[in-house]
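Welcome! Take a look at the structure below, and then let's walk through a helix pair and some charged partners.

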Amino acid sequence: MPSPTTEPAATRRVSLLTLGCARNEVDSEELAGRLAAGGWELAADPEDSDVVVVNTCGFVESAKKDSVDTLLAASDTGKKVVAVGCMAERYGHELADSLPEADAVLGFDHYADLSDRLDDVVAGRKVASHTPGDRRKLLPISPVQRPAAAENVEVPGHAQHGWGPRVLRTRLDDSPVAALKIASGCDRRCSFCAIPSFRGSFVSRQPDEIVAEAMWLAEHGVKELFLVSENSTSYGKDFGRDGATALERLLPRLAEIDGIERVRVSYLQPAETRPQLVKAIATTPGVAEYFDLSFQHSSEQVLRRMRRFGSTDSFLALTEQIREYAPEAGIRTNVIVGFPGETEHDLAELERFLTGARLDAVGVFGYSDEDGTEAEGFDGKLDPQVVTERVTRISALVEELTSQRAEDRIGTFVDVLVELDDDGELTGRAAHQAPEVDGECVILDAPEKTETSGASPRAGGSATRTPAKRPQVGDFLRCEVVDSAGVDLIVRAAPDADR
């Protein structure tokens, strides 16, 4: 490790490493904006930095292990290392005590002064580790009182207050897709989940603030907005009487922004998914026909112990409602198997749902205790070997069903956002595929030159004649699905195909 100095270097360089979900990606770009405003130069390579900031994930054990491994690898560079993010917020000084390789462990309350704290770290000054607490207690119980109160609470991704027309965010890549946070926190009390304790109570961002950030992202080359939160169906619940339909009113505003071709909503709570929201997502031009619904299970008995609502039949009715509006809509979910008390009958009920729902993508997770959750104290825990066997059983069913669903799309047409040109091989995603988790489209025979380019998916009708051009990253390309491989689609450009 380099020797401590008494003053920060004249040119200070920092690199940011991000783990976990898209919400963390937003937080990292906000931190990058704060640090750039504080005079820090952003470096892509930790070796070129004075400090490496690791934005950790603390959701489940595997994510925590990845975070620790990343912190240790950053320490191996010999640079100063600072842990921030969910794992740092959740464990604070406990993490610092067990991981002396980190020079500081900072919580969300340090974000506003992060530039100064990194100065302290570079100068060898000790920064006290974060002391964890229940962040639900920082905001009023009444949702309508929270927006005003949140101005005095550090909520990652909500930092625009006081910055006027400027957006406190710096992009860390040049992807045509960007996550955009619409809310933070969660008021639900799922017995297996610890997130509300360290992310806090639910609070929405103001619509005008979100639209301003979306316009800024469009000016920086973003074509697809990926709306994120802990629970998007709750958006606007803290706005008072008119808040119930706030998301339905926000979506067309975002879709109409010049340069934005696709808006995608994520993290929908099935029990809160109202018919008018289903219709808005399925029918608003420029909004992807995509439903990210966290069913978690379908057995009523298991759902009640999870402190969730619904049943196999009500969930199947929801998927049918979606497809009445948009037969080709993408639907994805996550499920937990091996939950305490889960029986063979419960597992068969989950299989009945998965078979009937015809989902496009399903994440299967085996239950494990999470620190501080209600389920940690439940009886009826299953043997880990049984949990593993059930994960294997459900995963095999999911692989078969989602592959069939992809095969069903052969012969249909999709609008693909080109995201990667790997030495001439183009790949991208269709409307039913979210970034990283739902598969991709592999584009066959991408034209070196074409006399016709695909119109944007919002334009409708036939493609527009334009000068010859090979598709570039960030372009939308009208394609026919000609084959599938698992959940991935093999597609061929069909720019003249009608929409």
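Here is a short tour, grouped by topic. This is a predicted model, where local features need pLDDT of at least 70 and side-chain atom pairs count only at pLDDT 80 or more, while totals for chains, interfaces and linings use all residues. Residues are numbered from 1 along each chain as its sequence is written, and side-chain values use heavy atoms, leaving out hydrogens and water.

**A pair of helices**

- Helix 8 (residues 246-255) packs with helix 9 (residues 275-283) at an angle of about 10 degrees, and their axes are 9 Å apart.
- The two helices are therefore roughly parallel (an angle under 35 degrees).
- On the helix 8 side, the contact (heavy atoms within 4.5 Å) is made by Leu-247, Glu-248 and Leu-251.
- Helix 9 contributes Gln-276, Leu-277, Ala-280 and Ile-281.

**Charged partners**

- Side chains of opposite charge can pair when their charged atoms come close.
- The count comes to 48 salt bridges (a side-chain nitrogen of Lys or Arg within 4 Å of a carboxyl oxygen of Asp or Glu).
- Glu-224 and Arg-429 form one, with their closest N and O atoms 3.3 Å apart.
- Glu-224 lies in strand 9 and Arg-429 in strand 15, so this pair ties together parts that are 205 residues apart in sequence.
- Glu-224 is buried at 0% relative accessible area, and Arg-429 is buried at 3%.
- Arg-405 and Asp-360 also meet in a salt bridge, at 3.3 Å from N to O.

Conventions. Axes fitted to C-alpha atoms, helices over the stretch in contact; angles between N-to-C directions. Helix = DSSP H or I, 4+ residues; strand = E, 2+ residues; numbered from the N terminus. Parallel < 35°, antiparallel > 145°, perpendicular 65-115°, else oblique. Buried < 20%, exposed > 50% of the residue type's maximum accessible area, 1.4 Å probe, protein only.
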